Amino acid sequence: MRARNHHRRHRPLLLAASRVAVGVALLSAAAAAPAAASPLGPGTELWITLGADAFDLLAGQADHQGLERLEEQDGVVLTQVRFGDLAGLSASLHESTGRCAGFLAHRTLAQARAALAVPRTRSSLAGGVSYSINQTEWVTSLEADLDKPSILATIDHLSTAYHNRYHAYSSGAEAAEWIRDLWRSYAETRPEVTVELVSHPGINQPSVVLTIPGSTFPDQHVVLGGHLDSVSPGTSNPNFLAPGADDNASGIAVLGEIARVVLAADFRPQRTVQIMGYAAEEIGLVGSQDIADGYEAAGRDVVAVLQFDMTDYFGSVEDMAFLSDYTNADLTAFLGQLVDTYQPVLAWTTSACGYGCSDHAAWHRAGYPASMSAEARFGQHNPAIHSTSDTLATLGHNVDHAFKFARLGLSFLIEIGNPERFLFRDGFETGSTEAWSQSVP
Ligand SMILES: [Zn+2]
């Protein structure tokens, strides 16, 4: 089961996306960049950063011989491509390295250089935040509400109701709207909670952001996220099949289930909690970069970011692997503590994935503490991703593995969302918690 699935199809770089990218305006955020509003077509030049290992693999392939090593720093290469190249580049990178996406797309050279300058691992915490476990009663109580059929139903819908969730096609936008509506249904009794689409200039697919305002520290943000798009070979056809059940309907389903449980219990975190489904991860972390760069530009305080990208394939001896590169070491260590505390029967490990592996890298690059919990060690993850076989059937119609990540995410939300201890049943420090004594046995 661990053998990598190598798709053998090499496609000319400009073929795939050229039909769909006309009129596209902006990739990675930086709304401040002067070029931000200029329209992009498939031939418009932009820049990407990717691991030197991946660059060397690509440069050795006939399809990518034109790639130039423009700059390199700390094992990361900056090169120039055209917008129309991104889909083919993403496919080749996945084939060569197994990464998803494996690169960051940048609208301007200045943005690309800024990305290049970010150190490989950054362990400082924004605002000197430290993490601690002190909400055991709440975690234990609410995790009993997590529901496997609910997770299964979301994966089923997202992987079967659309041909694909690709950023360029209407099905990709419809999937985002469906996620928004589902999450809104969870928030019906919570008028202070918002669920909004966040559009990204030039990209058809929006991200989805659910916000629970913090009761005590509203300016401090805790983010849980995962990408909502899907990809497989054949992106030039709007009806190409990319079910993306594990990658990453399973992450979106975990996020939604956490939201459902927290909102149903009338849980009111001290910090502002945001749950995000990112657009267009597969073509260079476009949605997450847009959001993270916007937060950085606005000077927003984000105390922790947790990424879910593929949660339902049990491919390693250990139950979970936390990525050890391009993540925050202190936050990752805390995630291990959460597992040891709340799911002590599980085994976890750390694993290096390389450059730009998922949306956590966008937050990391923007200077925020971010970590990523993976379904397996890198290279032992689901071999069916980025193919038409990434279905619920391949996962055995079973979400037992994803459920572990739902429990992890719930404990993350409750513990980091509440830096000050809440007493379980009485003696609440803020009025907003009074309702809890009614809803929790
Ligand atoms: Zn993914």
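**Entry 1: the core**

I began with the largest nonpolar core, which has 67 residues; Trp183, Leu210, Leu224, Ile275, Phe412, Leu413 and Ile416 touch the most other members. For my own reference, a nonpolar core is a set of buried Ala, Val, Leu, Ile, Met, Phe, Trp, Tyr and Cys residues joined through side-chain atoms within 4.5 Å. Buried means under 20% relative accessible area, exposed means over 50%, and partly exposed is in between, with a 1.4 Å probe and protein chains only.

Which helix gives the most to this core? I found that helix H7, residues 245-264, does, with eleven residues. Helices (H or I, at least four residues) and strands (E, at least two) are DSSP runs numbered from the N terminus. I also noted a second, separate core of 40 residues, which includes Phe55, Leu67, Phe83 and Leu89.

**Entry 2: what I am looking at**

This is a predicted model, in which local features need pLDDT of at least 70 and side-chain atom pairs count only at pLDDT 80 or more, while totals for chains, interfaces and linings use all residues. Residues are numbered from 1 along each chain as its sequence is written, and side-chain values use heavy atoms, with hydrogens and water left out.

I looked up the confidence next: the chain has a mean pLDDT of 84, and 84% of its residues reach 70 or more. The pLDDT is the predictor's confidence in each residue, from 0 to 100. Over residues 120-127 it is below 50, and this stretch has 27 contacts in the model beyond near neighbours in sequence. Residues 425-441 also have pLDDT below 50, with 30 contacts in the model beyond near neighbours in sequence. Contact means heavy atoms within 4.5 Å.

Asp266 follows H7 and has a positive phi, near 55°.

**Entry 3: rings**

How many aromatic pairs does the structure hold? I have nine in my notes. Rings of Phe, Tyr and Trp (its six-membered ring) pair if their centres lie within 6.5 Å; planes under 30 degrees apart count as stacked, over 60 as edge-to-face and the rest as tilted.

I picked out Phe308 and Phe405, an edge-to-face pair at 6.5 Å centre to centre with 85° between the planes. Phe308 is in strand E9 (residues 301-308) and Phe405 in helix H11 (residues 400-417), so the pair ties together parts that are 97 residues apart in sequence. Both Phe308 and Phe405 are buried. Elsewhere, ring pairs link Tyr166, Tyr169 and Phe240 into a cluster.

I then looked for charges over rings (NZ of Lys or CZ of Arg within 6 Å of the ring centre and within 35 degrees of the ring normal). Lys148 lies over the face of Phe403, 5.1 Å from the ring centre, and Arg300 lies over the face of Tyr295, 4.5 Å from the ring centre.

**Entry 4: the disulfide**

Searching the whole structure gave me one disulfide, defined as a pair of cysteine sulfur atoms within 2.5 Å. Cys353 and Cys357 form it, with their sulfur atoms 1.8 Å apart. The torsion about their S-S bond is about -85°, so the disulfide is left-handed. Cys353 and Cys357 are both buried.
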